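Please walk through this model with the structure open beside the text.

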Amino acid sequence: MTVALGPYLELALEEAPNCEGADNTVSTYRTFPPAEDITDDENMTVLEEKNLVRGFLAPMPHLGAAMFEPKWKIGKVHPRPSHLGFMLAWMLGSWTSTPGDGDAVMDPDDVAVPIGAYKHVFEFRFALEPQTTQARACTGNGEHRLATGIALSKLGFAWENGALVVEPDGLALLTQPVSAPDPAVAPVIDLAHPFRRGDLTIDWLAGSAYTRAFDFAFNAPIEQIWSPVHSSLSPTDIWYKNGELPFISGTIDKATVEDADWQALAQGNQFAATIKIVHREPIGETDYVPTFWCVMPGCELTKNAKQAIKAERRRETKYDWESRYDHVTGKLATVTLVNETPAYAVYGG
């Protein structure tokens with residue numbers, strides 16, 4: 001379904017990061033995620049000389065922009081299966097997409113992926129540069145904005161009013177006002193329903209206490225680079241931050257204190273864990289519903305916060321956890337999504 005008027009947000013992957021003046025190819029595949037808000041902050045530092053000796057005892061006027069350090073964030077996306085795949089490609093940066101054939105292409109539950117569905121397998125990119133995105137946005141009163149070279153440092157998953165909300169948080173190379181696009185952008189509204197909290201299941205530590213709540217996030221710290229190979233007040237490159245590795249983290253709330261949880265934390269025991277979120281609408285004419293898996297063979301509890309002992313029926317606790325490297329499989333995590341989107345990066349043509 002297409003509509004003619006905004007506000008809207010349009011995203012497309014970049015073949016390489018676009019700094020000011022760059023014209024690297026942008027994917028022809030575009031997505032319009034339903035978001036609560038978009039923060040596109042130029043984060044400008046003004047050039048000040050107000051305290052220099054200039055012959056007056058008065059602050060001198062500032063001289064305009066000295067540099068920009070653009071910040072970029074989407075608040076509370078309610079992703080549909082198509083949007084979720086885009087967010088994972090953007091965040092994790094490395095993926096393969098395989099069309100289902102109803103036979104040899106299997107999902108993580110060893111179920112054949114049918115014709116008409118597509119299996120996307122994502123892993124953290126190990127390179128200098130993260131995957132970047134171009135964003136075009138419009139306000140209700142017709143202010144048009146462009147941001148390029150946007151990379152994500154965090155993609156958080158939580159639940160609000162029974163629905164999945166995803167928050168992409170990152171940095172950009174350039175964000176600026178632009179003229180209205182010609183031809184006008186026609187946002188495509190995905191009419192699928194959002195994912196629901198009741199469709200989340202987790203395979204967790206054996207003997208663990210009853211789970212009350214669960215959230216998670218993908219993390220890959222990034223930084224902006226100013227290189228003298230380009231003339232710009234904005235960053236010229238965006239790289240993964242040196243010395244900070246990618247990881248998956250989250251919190252899990254437990255209804256009681258159980259020995260299995262404490263022993264896993266105190267002894268540094270790793271355990272296999274799987275996050276699974278299913279959708280409720282089948283893909284095309286199949287019986288197969290879009291499904292997300294995050295398989296973590298080397299999960300660890302890293303911190304706990306127990307309630308004080310009170311005159312109450314039980315004592316609750318909350319654990320922080322992370323997915324760490326697993327020596328047996330050689331994996332940090334493998335993320336899989338099956339949906340009806342053939343490809344997210346379509347360059348040229």
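The model is predicted. Begin with its largest nonpolar core, which has 63 residues. Those with the most contacts inside this core are Trp72, Leu88, Trp90, Trp204, Phe218, Phe292 and Trp321. Helix 1, residues 81-92, gives the most to the core, with 8 residues. A second, separate core has 7 residues, including Val105, Val113, Ala117 and Ile283.

Now turn to strand 13, residues 211-219. Phenylalanine 157 has phenylalanine 216 of strand 13 as its bridge partner.

Next comes helix 2, residues 259-267. Its buried residues are Asp261, Ala264 and Leu265. Seen down the helix axis, these fall within an arc of 95 degrees, so they line one face of helix 2. An α-helix has 3.6 residues a turn, so residues three or four places apart point the same way. The buried residues of helix 2 pack against strand 16, strand 18 and strand 19. The face turned away from the buried side carries the exposed residues Asp259 and Gln267. Just after helix 2, glycine 268 takes a positive phi of about 65 degrees.

Which residues does tryptophan 204 contact, leaving aside its neighbours within four places in sequence? Among them are Phe214, Ile252, Phe271, Cys299 and Trp321. Tryptophan 204 is buried, at 15% relative accessible area.

The aromatic pairs number 16. In one, the rings of tryptophan 204 and phenylalanine 271 have centres 5.0 Å apart and planes at 70 degrees, so the pair is edge-to-face. Tryptophan 204 lies in the loop between strand 12 and strand 13, while phenylalanine 271 is in strand 17, so the pair ties together parts 67 residues apart in sequence. Phenylalanine 271 is buried too, at 7% relative accessibility.

Phenylalanine 214 and tryptophan 321 form a stacked pair, with 5.6 Å centre to centre and 5 degrees between the planes. Phenylalanine 214 sits in strand 13 and tryptophan 321 in strand 19, so this pair ties together parts 107 residues apart in sequence. Ring pairs link these residues into a cluster that also includes Phe124, Phe157 and Phe292.

Finally, look at a charge over a ring. Lysine 306 lies over the face of tryptophan 262, at 5.1 Å from the ring centre.

Note on methods
Residues are numbered from 1 along each chain as its sequence is written. This is a predicted model: local features need pLDDT of at least 70, side-chain atom pairs count only at pLDDT 80 or more; totals for chains, interfaces and linings use all residues. Side-chain values use heavy atoms; hydrogens and water are left out. A nonpolar core is a set of buried Ala, Val, Leu, Ile, Met, Phe, Trp, Tyr and Cys residues joined through side-chain atoms within 4.5 Å. Buried means under 20% relative accessible area, exposed over 50%, partly exposed in between (1.4 Å probe, protein chains only). Helices (H or I, at least four residues) and strands (E, at least two) are DSSP runs, numbered from the N terminus. Contact means heavy atoms within 4.5 Å. Two strands pair if DSSP finds at least two bridges between them. The arc is that of the directions from the helix axis to the C-beta atoms. Rings of Phe, Tyr and Trp (its six-membered ring) pair if their centres lie within 6.5 Å; planes under 30 degrees apart count as stacked, over 60 as edge-to-face and the rest as tilted. A charge sits over a ring if NZ of Lys or CZ of Arg is within 6 Å of the ring centre and within 35 degrees of the ring normal.
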